[in-house]
Amino acid sequence: MDNQEITAITKMVLEVMQQKRETLGSGFLVPVGVSARHVHLTQEHVEILFGTGYELTKKKELMGGQFASNETVTIVGLKLRAIENVRVLGPVRSKSQVEISATDALRLGVKAPIRESGCTQGSAPIAVVGPKGALYLQEGCIIAKRHIHMTPKDATVAGVHDGDVVSVKVDNERGTVFNHVQIRVDDQFTLEMHIDTDEANAAKISSGDCIRIIC
């Protein structure tokens, strides 16, 4: 490597560092996506709920190859309290999971823990009812931990890494600060912070609004 190449690489690194400082000086901006209650299912459970050989049908594309399906189910808590028309997200997974808000948990009478998606061991039991059948999950009902999806490039600019935990601020009349926000990095992600309906209502924030990473 000659001096000219070293100079060019050094210049590129300094430009990235300057961009990072400028971005973080005002706080790295991230759009918000408000996540309503929803269900992830295995193929086996899809067929129990909707019929043998049934496959989920796509309603709306989501990030990372996921989609909101046309199918909905009813979820039922331990005290036979139910919430109808809960959207199923696809594609099918290796383990079924129900994601609700804290308000939903109170309504259903379940003690759903705050967990990262996919971490269902020891979580709350829940029943799921479809048009062709029903199933009972011994565990799988959680309140999703708030998190930010971003690409590796976004993470570099923001100065964060996959698995980091940050705080963010909502710059509106509520002026809310959310702590314990997990960073999730993947090439297929779109930059977006996911919070549930309880968090959005409390902070008076809607999908498409922006927050700032402050630390």
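This is a predicted model: local features need pLDDT of at least 70, side-chain atom pairs count only at pLDDT 80 or more; totals for chains, interfaces and linings use all residues.
**Other salt bridges**

I then went to Glu-173, whose side chain forms a salt bridge with that of Lys-204 at 2.8 Å, N to O. I noted that this pair links distant parts of the chain, 31 residues apart: Glu-173 sits in the loop between β11 and β12, and Lys-204 in the loop between α5 and β14. Glu-173 itself is exposed, at 67% relative accessibility. Shared partners join Lys-169, Asp-171 and Arg-212 into one salt-bridge network. I also wrote down Glu-61 with Lys-58, where the closest N and O atoms are 3.0 Å apart. My tally of salt bridges came to six.

**Aromatic rings**

I got a count of one aromatic pair. The ring centres of Phe-50 and Tyr-54 are 5.3 Å apart and the planes lie at 25°, so I call the pair stacked. Phe-50 is buried at 9% relative accessibility, while Tyr-54 is partly exposed at 28%.

**His-194**

Last, I checked His-194, which lies in strand β13, residues 192-196. At 18% relative accessibility, His-194 is buried. A polar contact of 3.5 Å joins its side chain to that of His-149. Beyond its neighbours within four places in sequence, I found His-194 in contact with several residues, including Gly-33, Met-63 and Arg-146.

Terms used
Residues are numbered from 1 along each chain as its sequence is written. Side-chain values use heavy atoms; hydrogens and water are left out. Helices (H or I, at least four residues) and strands (E, at least two) are DSSP runs, numbered from the N terminus. Buried means under 20% relative accessible area, exposed over 50%, partly exposed in between (1.4 Å probe, protein chains only). A polar contact is a pair of N or O atoms within 3.5 Å; within protein, one must be able to donate a hydrogen and the other to accept it, and residues adjacent in sequence count only if both atoms are side-chain atoms. Contact means heavy atoms within 4.5 Å. Rings of Phe, Tyr and Trp (its six-membered ring) pair if their centres lie within 6.5 Å; planes under 30 degrees apart count as stacked, over 60 as edge-to-face and the rest as tilted. A salt bridge is a side-chain nitrogen of Lys or Arg within 4 Å of a carboxyl oxygen of Asp or Glu.
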